[in-house]
Amino acid sequence: MMEIRTLEYFLMVAKEENITHAANQLHIAQPSLSRALMQLEEEMGQQLFIRGKRKVTLTQAGVLFKRRAEEIMNLVDKTQQEMWNDMELNGEIYIGIGEFYATDVFLHELITSFSQKYPQVSYHFYSGNADSIKERIDHGTLDIGILLEPVEVDKYDFIRLPYNETW
């Protein structure tokens, strides 16, 4: 059964037109690469390369195999990308906010940046005072709260925003 690695080897040799150069690019020993190519030709039942002293060229069967190998590798790459996208962060974030400067500037910039990186995340906002926001965080109905000090936050993980608010 043919392996993806063997297709990568074949394509590198076809690109470099030299087994030694391809082996260097692949970081493998030249005899190992030559052996893999011979096994591939045996498996396909076709000669894929014409070997010269300094250069290898593709046979007609090799040209066809190269085209199919590129299609397979593109499909492998696409599948890996799709699988990665399926694992992409998604869901909903519930944010409690008060009406002050940080919500207009900081939160807007943060969500814009985060949304570009994680477009499958959606946001829900709750506007209230510090006590109601803390209560909702405690009950698990909010994930994040932006609160105006002074407020008791010792039991929470928190950061201080680099903004000074004035009343």
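1. Two strands are taken as paired if DSSP finds at least two bridges between them. On that basis, this predicted model contains an open sheet of three strands in the order β4-β3-β5, with parallel pairing. Strands β4 (121-127) and β5 (144-146) stand at the edges of the sheet, and each has a single partner strand, so one side of each is left without a neighbour in the sheet. Averaged over the sheet and with direction ignored, neighbouring strands are turned by 25° against each other.

2. The pairings within this sheet can be set out strand by strand. β3 and β4 are joined in the parallel sense over seven bridges, and in this pairing Y94 lies opposite H124 of β4. Strand β3 (residues 91-97) also runs parallel to β5, to which three bridges join it. On this side G96 stands opposite G145 of β5, while the bridge partner of I97 is I146, likewise in β5.

3. Helix α6 (residues 106-117) packs on it and touches β3, β4 and β5; the direction of α6 makes about 160° with that of β4. Helix α7 (residues 130-139) also packs on the sheet, with contacts to β3, β4 and β5, and its direction makes about 170° with that of β5.

4. The overall composition should be kept in view when these elements are discussed. The protein has seven helices and five strands. Along the sequence they follow the pattern α-α-α-β-β-α-β-α-α-β-α-β. Of the 167 residues in the protein, 28% are buried. Among contacts with a separation of 6 or more, 56% are between residues 24 or more positions apart.

5. How do α1 and α3 pack, and at what angle? Helix α1 (residues 4-16) and helix α3 (residues 30-44) meet at about 105°, and their axes are 10 Å apart. Angles of 65 to 115 degrees count as roughly perpendicular, and α1 and α3 are therefore roughly perpendicular to each other. On the α1 side the contact is made by T6, Y9, F10 and V13, and on the α3 side by L33, A36, L37 and L40. Classified by residue type, this contact of α1 with α3 comprises seven nonpolar residues, one polar residue and no charged residues.

6. Helix α1 also packs against helix α2 (residues 19-26); the axes of α1 and α2 come within 8 Å and cross at roughly 130°. The two helices are therefore oblique to each other. The crossing in which α1 passes α2 is right-handed. From α1, the residues E8, Y9, M12, V13 and E16 take part, and they meet I19, H21, A22, Q25 and L26 of α2. By class, the contact of α1 with α2 has six nonpolar, two polar and two charged residues.

7. E17 is in the loop between α1 and α2. The phi of E17 is near 55°, a positive value in a residue other than glycine. With a relative accessible area of 34%, E17 is partly exposed. H27 lies in the loop between α2 and α3. The phi of H27 is also positive, at about 60°, although H27 is not a glycine. H27 counts as exposed, at 73% relative accessibility. The cut-off that applies here is that exposed means over 50% relative accessible area.

8. Where does G52 lie, and how far is G52 from E17 in space? G52 belongs to the loop between β1 (49-51) and β2 (56-58). G52 is partly exposed, with a relative accessible area of 45%. Although G52 and E17 are 35 residues apart in sequence, their C-alpha atoms are 9.9 Å apart in space.

Terms used. Residues are numbered from 1 along each chain as its sequence is written. This is a predicted model: local features need pLDDT of at least 70, side-chain atom pairs count only at pLDDT 80 or more; totals for chains, interfaces and linings use all residues. Side-chain values use heavy atoms; hydrogens and water are left out. Helices (H or I, at least four residues) and strands (E, at least two) are DSSP runs, numbered from the N terminus. Axes are lines fitted to C-alpha atoms, for helices over the stretch in contact, and angles run from 0 to 180 degrees between N-to-C directions. Contact means heavy atoms within 4.5 Å. Angles under 35 degrees count as roughly parallel, over 145 as roughly antiparallel, 65 to 115 as roughly perpendicular and the rest as oblique. Ala, Val, Leu, Ile, Met, Phe, Trp, Tyr, Cys and Pro count as nonpolar, Asp, Glu, Lys and Arg as charged, and the others, Gly among them, as polar. A crossing is left-handed if the near helix is turned anticlockwise from the far one by less than a right angle, and right-handed if clockwise. Buried means under 20% relative accessible area, exposed over 50%, partly exposed in between (1.4 Å probe, protein chains only).
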